[in-house]
Amino acid sequence: MNNYETVFILTPVLSDAQMKEAVEKFKNLLTEQGAEIVNEENWGLRKLAYPIDKKTTGFYTFLEFKASPSVVDRLEVNFRRDERVIRFLTIRQDHFAFEYAEKRRNNKSGKKQETRAQEPLKETAKVEKEVELENKED
């Protein structure tokens, strides 16, 4: 089984419920074919780089999964058949991309906590430097 990631853009005229239904359809398709979904991110409504079918925005969704190549073929056929999908891109991750994706997943949740934990350390470092400067002057 290979590691894959796919990003697909859904048409902006969908309601929130319809958008979630379309994402669930593709997730169910993957799991039915034996794929393991590793990560899912909803990037929300974003502006497109250029108009597609007179639409300038779209709902972006990112899926990371482990599957065999035949599963990816079936997924892409379903992307092409579904008129709610404007664009899609699926790539196979090499080991560098896989390691980067793992780090990104781990830091996504811990980043805010890490920065909050570092703020008191920065203050402590400032106070220590001030104390050292005062001791040198004496």
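Reply: Two strands pair if DSSP finds at least two bridges between them, and strands (E, at least two residues) and helices (H or I, at least four) are DSSP runs, numbered from the N terminus. This is a predicted model, where local features need pLDDT of at least 70, side-chain atom pairs count only at pLDDT 80 or more, and totals for chains, interfaces and linings use all residues. Residues are numbered from 1 along each chain as its sequence is written, and side-chain values use heavy atoms, with hydrogens and water left out.

The whole sheet is open, with 4 strands in the order β2-β3-β1-β4 and antiparallel pairing. β2 (36–52) and β4 (85–92) are the edge strands with a single partner each, so one side of each has no neighbour in the sheet. From one strand to the next, the twist averages 20 degrees.

Now the helices. α1 packs on the sheet and touches β1, β2, β3 and β4, its direction making about 135 degrees with that of β2. α2 lies across β1, β3 and β4, at about 170 degrees to β4. (Axes are lines fitted to C-alpha atoms, for helices over the stretch in contact; angles run from 0 to 180 degrees between N-to-C directions.)

Note on methods:
Contact = heavy atoms within 4.5 Å.
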